[in-house]
Amino acid sequence: MESNNKDSIQKQNIHKILAHSHATQLVLFLFAVFLDIVFSIKIFTDSTLLTGAGVVFLIFGSALIFWAQYTSHHLPDENITKESFSHGPYHYVRNPTNLGIFLMVVGFGIIANSFFVIFFALISSLVVKFAFLEKEEKILTAKYGEPYLEYIKSVKL
């Protein structure tokens, strides 16, 4: 019975899970923008000073995503160790692409002074963590075994 479960986990496509994760984030972002247009609840009374912070979040989030994508394409195929997973942003965070998307959406929310965009960035982050990232980690654990489990223990975020 355990081998059937492991086989079904390995057959799941990690890219499909990531696509659903990112699509969920996009839908929640668009819903937040819609709510902002309809209700227009502002967070800051003077957002001119915070616009710079929003731009920094956008730039840092974009750079983090590009760095994560570049790094993930250079994962070795053989002799996988814990260190194999600890390159680039993966040395600090297990899911830098999701963190980058979160930072970009929050940056946009700050620039737009939108309560709903920032609120739904938090909501989508939680949905992604509990609905998709746990599945992704099960697949990666089934695929890479002990080295990936050691990596999870060493990188908490």
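## Before you start

What you see is a predicted model, where local features need pLDDT of at least 70, side-chain atom pairs count only at pLDDT 80 or more, and totals for chains, interfaces and linings use all residues. Residues are numbered from 1 along each chain as its sequence is written, and side-chain values use heavy atoms, with hydrogens and water left out.

## The largest pocket

Let's begin with the largest pocket, which holds about 830 Å³ of space. A pocket here is an open set of points on a 1 Å grid over the protein atoms alone, with protein on both sides within 12 Å along at least five of seven lines. Lining residues have an atom within 4 Å of a point. For volumes, grid points are joined across faces, edges and corners, and the volume is the space filled by probe spheres set on the points.

The lining of this pocket runs to 30 residues, and those nearest its centre are Ser72, Leu75, Tyr90, Glu136 and Leu140. Helix H2 (14-39), H3, H4, H5 and helix H6 (146-154) each bring at least two residues to that lining, with the largest share, five residues, coming from H5. Helices are DSSP runs (H or I, at least four residues), numbered from the N terminus. Sorted by class, the lining of the largest pocket has 12 nonpolar, 15 polar and three charged residues. For these classes, Ala, Val, Leu, Ile, Met, Phe, Trp, Tyr, Cys and Pro count as nonpolar, Asp, Glu, Lys and Arg as charged, and the others, Gly among them, as polar.

## The second largest pocket and Asn95

The second largest pocket has about 440 Å³ of space. It is lined by 19 residues, and Asn95, Ser125, Lys129, Leu133 and Leu157 are the closest to its centre. H4 and H5 each provide at least two lining residues, and H5 gives the most, with 10 residues. The lining of the second largest pocket splits into nine nonpolar, five polar and five charged residues.

Asn95 deserves a stop of its own. You'll find Asn95 in the loop between H3 and helix H4 (96-112). Asn95 counts as buried because its relative accessibility is 15%, and buried means under 20% relative accessible area, exposed over 50%, partly exposed in between (1.4 Å probe, protein chains only). Beyond its neighbours within four places in sequence, Asn95 is in contact (heavy atoms within 4.5 Å) with Leu133, Glu136, Glu137 and Leu157.

The largest cavity has a volume of about 30 Å³, and its lining is made of Gln25, Ile101, Phe102, Val105, Ala121 and Ser124. H4 and helix H5 (115-144) are the elements that give two or more residues to this lining, and H4 gives the most, with three. Four of the lining residues are nonpolar, two are polar and none is charged.

Now for helix H3 (residues 48-72), where Tyr70 sits. Tyr70 counts as exposed because its relative accessibility is 55%. C-alpha to C-alpha, Tyr70 and Gly88 are 8.7 Å apart in space and 18 residues apart in sequence.

Leu49 also lies in helix H3, and it counts as exposed because its relative accessibility is 73%. Leu49 and Ile111 are 62 residues apart in sequence, yet 9.7 Å apart in space, C-alpha to C-alpha.

Technical notes
1 Å grid on protein atoms, 1.4 Å probe; cavity = no way out; pocket = protein on both sides within 12 Å on 5 of 7 lines; lining within 4 Å.
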